[in-house]
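Open the model in your viewer and keep the selection tool at hand. The tour goes from stop to stop, and each stop says what to select and what is there.

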Amino acid sequence: MEMLSRSFLWKNSLLFGAVQDQASQIINQSAQGSQFISESLDRLWDDVLSGGLYTALANLGILFAVGTLLIFMVQWAKDLIDGEEVRSFSELMWPILVICLLANNASLLSDSTKGMRSLINQVNQTILTQTASSISLQEAYQKVMLEIGSEDLARGILAQCATKADPLQQQDCVNNAVEQAKASAPPNPSRSYQNFLDSLNPLQQGQNLVNTLQSGIQNTLVMSARGLLIAFGMAFQWLVEITWVLTALLGPLAVGGTLLPVGQKAIFAWLIGFYSVGLVKLCLNIVTGLVATLVVNAGDNDPMIFAFAVGLLAPILSLALAAGAGKAVFDALQTVIRHGLLAGGKDVRRGANALGQVTGFVFSKILGR
Amino acid sequence: MEHNKHFKKSAMVLGLAAMLLIASAAPSRAVTIPMGGGDFFNGLLNQFLQYFEEAQRYISQAINDKIQPLEESINADLQNALGQAKGVLGIPDPIATRKSVEETLSNSAEPINSQERATNEIDRQITRATASATLSQEGQQRTQEQLQITKQAVETVQQQAQIAQSDVVTQNVMKRIAAQNAEISGVLGSMRQDMAQDAQRQELANVNLTNISRGIDGQNQAADSERVSTGFGNLRIFSRARLF
């Protein structure tokens with residue numbers, strides 16, 4: 001590139017190539033970057049769940065478990081003396097579960113946590129690669145994003161032409177900007193992107209310079225805001241994963257506190273939290289993917305509306321959805337337990353057995369994978 | 001008696017005529033007045049040529065110092081455009097230069113449009129070149145020499161006028177004309193001085209104008225870069241998009 005620009009060859013051979021090169025370089029690097037991010041998340045999970053931090057928390061969880069086990073044993077012995085044998089024996093499932101999970105630096109718990117994650121991730125992958133009318137959510141999302149990015153690049157290059165006072169220079173500037181926009185356009189443009197490109201082309205539309213500038217230029221503030229919104233959405237995406245890791249990290253503490261006789265079983269609260277964060281991720285992916293599919297299929301796109309929908313409102317919506325779902329499960333469990341406690345021994349036994357069966361089934365499924 | 005009277009009259013006329021003839025026939029030993037002549041005009045011409053040499057030297061220096069980095073930053077050949085538009089006196093024609101630079105840059109591979117930057121900068125360099133011809137150390141020296149030459153010329157005229165006043169063999173009208181010439185040349189000399197000062201003030205104003213133009217262009221360039229980089233920044237963010 002440097003050698004060619006020294007000579008005059010660049011004029012013909014590399015005309016408008018610089019922007020294209022630059023744009024495709026940015027696109028490739030960024031795509032690689034996001035690939036690295038999603039790959040390094042797997043490593044992050046492995047590092048966190050088998051690292052020193054997890055061991056320390058597992059030790060703390062064991063401390064909790066030992067403390068609460070004493071209380072549990074006292075309670076259990078009391079129940080045994082009172083003659084509630086059947087319930088008490090089914091209750092014994094809990095200390096055994098806790099001991100199994102926390103033994104050997106909570107290795108079983110960390111494995112099962114990873115298993116739960118991969119379960120949700122498989123569902124996630126299925127959703128993302130599922131084609132909704134010839135295009136998958138992932139492809140639609142990436143396509144729309146890339147097109148909005150290229151559109152913003154074209155708008156930015158065109159925007160500088162408005163400041164040129166000399167009509168000839170302005171014309172040259174607009175021509176260059178349009179050529180560069182065409183050169184750096186992503187392959188297989190959607191209809192909305194093609195419309196944008198056409199609106200820039202003065203010759204095709206019989207427009208004059210002013211119209212081209214008018215249709216092509218957007219306020220820098222608006223463009224920056226768009227970038228910020230999308231960046232916000234992506235940061236949310238990252239942080240959901242980090243939150244998930246964090247929730248997984250708190251697993252030993254929740255398991256350790258499970259034997260506490262008062263209130264809700266901590267392991268359920270933790271499991272629900274874990275699944276809720278997974279649900280946030282799923283909901284976010286589905287919402288953004290569907291918005292992108294909508295845009296691709298409709299053939300019409302306003303980048304600003306898309307940015308608000310995907311960057312700001314999709315995270316809020318997915319949070320609300322996941323919180324609602326988590327709360328519903330939590331409420332259901334709480335009702336079961338309160339109902340069981342208020343009812344007689346038969347019901348309690350049935351409730352506890354059901355819970356034990358559900359938990360056992362879930363764990364067997366996870367461990368079986 | 002009558003005849004004698006007539007004779008006397010004609011003798012007087014004759015005598016007067018003879019006196020007049022003698023007086024007028026006396027060789028006029030006209031003084032050849034030194035004009036300074038060739039020296040004076042050659043000096044002025046040299047000053048004039050030096051002015052353009054100075055401007056030309058500035059231009060060639062500016063091409064090396066300023067235009068070359070500009071070329072490297074915008075990937076274009078401007079020296080060619082500058083060289084083509086050079087006039088006979090060595091200073092590039094601003095309008096022709098602007099046009100050829102515009103043509104050179106009309107198809108640019110760079111995302112940031114640099115036509116205005118290049119053309120305005122070349123205008124500024126040409127302005128500064130002519131300013132430099134007047135305001136540089138050599139230019140000041142030359143202005144001083146010009147004023148010196150003018151002063152000498154005025155002094156010479158005044159001396160001529162004074163000598164003319166003491167000349168006896170001439171008419172009063174001529175003496176008055178000589179005196180007027182001295183006054184006129186004095187006025188002309190002071191006008192020359194005023195013009196030299198005006199030229200300096202004008203060039204100083206031009207230098208300041210190029211500075212203002214640079215400031216405005218700098219602001220425009222900053223705004224342009226901001227706009228283009230917003231586009232690139234958005235592309236960078238958006239192409240990271242990935243659902244995982």
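The stops below cover each chain, the contact between the chains, the cores and some salt bridges.

**Before you start**

This is a predicted model, in which local features need pLDDT of at least 70 and side-chain atom pairs count only at pLDDT 80 or more, while totals for chains, interfaces and linings use all residues. Residues are numbered from 1 along each chain as its sequence is written, chains are lettered from A and ligands numbered from 1 in the order in which they are written, and side-chain values use heavy atoms, with hydrogens and water left out.

**Stop 1: chain A**

Chain A has 16 helices and 2 strands; helices (H or I, at least four residues) and strands (E, at least two) are DSSP runs, numbered from the N terminus. Of its 369 residues, 45% count as buried. Buried means under 20% relative accessible area, exposed means over 50%, and partly exposed lies in between (1.4 Å probe, protein chains only). Among the contacts in chain A with a separation of 6 or more, 77% are between residues 24 or more positions apart; a contact means heavy atoms within 4.5 Å. Switch to a surface view: chain A exposes about 18000 Å², and carbon and sulfur atoms supply 65% of it. Such areas come from the Shrake-Rupley method with a 1.4 Å probe, and for residues only the protein chains shown count as cover.

**Stop 2: the cores of chain A**

Select A:Trp45, A:Leu102, A:Leu109, A:Val255, A:Trp270 and A:Phe274. These have the most contacts inside the largest nonpolar core, which has 40 residues. A nonpolar core is a set of buried Ala, Val, Leu, Ile, Met, Phe, Trp, Tyr and Cys residues joined through side-chain atoms within 4.5 Å. The elements of chain A that give two or more residues to this core include helix 3 (17–49), helix 6 (93–129) and helix 14 (266–298). Helix 14 of chain A gives the most, with 11 residues.

Now centre on A:Leu109. Which residues does A:Leu109 touch, not counting those up to four places away in sequence? They are A:Tyr54, A:Leu101, A:Leu102, A:Gly251, A:Pro252, A:Val255 and A:Trp270.

Next, select A:Leu153, A:Leu158, A:Leu197 and A:Leu200. They are included in a second, separate core of 23 residues.

**Stop 3**

Select A:Asn105, which is found in helix 6 of chain A. Its phi is near 55 degrees, a positive value in a residue other than glycine. A:Ala106 is also in helix 6 of chain A, and phi of A:Ala106 is near 55 degrees as well. Is each one buried or partly exposed? A:Asn105 counts as partly exposed because its relative accessibility is 39%. A:Ala106 counts as buried because its relative accessibility is 0%.

**Stop 4: a salt bridge inside chain A**

Select A:Arg117 and A:Asp42. Their side chains meet in a salt bridge (3.0 Å, N to O). A salt bridge is a side-chain nitrogen of Lys or Arg within 4 Å of a carboxyl oxygen of Asp or Glu. The pair links distant parts of the chain: A:Arg117 lies in helix 6 and A:Asp42 in helix 3, 75 residues apart. A:Arg117 counts as buried at 10% relative accessibility, whereas A:Asp42 is partly exposed at 39%.

**Stop 5: where the chains meet**

Show both chains. The contact takes 64 residues from chain A and 37 residues from chain B. Together they bury about 4600 Å², 59% of it on carbon and sulfur atoms; buried area is the accessible area (1.4 Å probe) that two parts lose on being put together, summed over both. Across this interface the rule finds 1 salt bridge. Select B:Asp224 and A:Lys164 to see their side chains meet in a salt bridge (2.8 Å, N to O).

**Stop 6: chain B**

Select chain B, which has 7 helices and 0 strands. Buried residues make up 34% of its 244 residues.

Finish with B:Arg124 and B:Glu121, whose side chains meet in a salt bridge (2.9 Å, N to O). Because they are 3 residues apart in helix 5 (residues 115–135) of chain B, they are separated by about one helical turn. Both B:Arg124 and B:Glu121 are buried.
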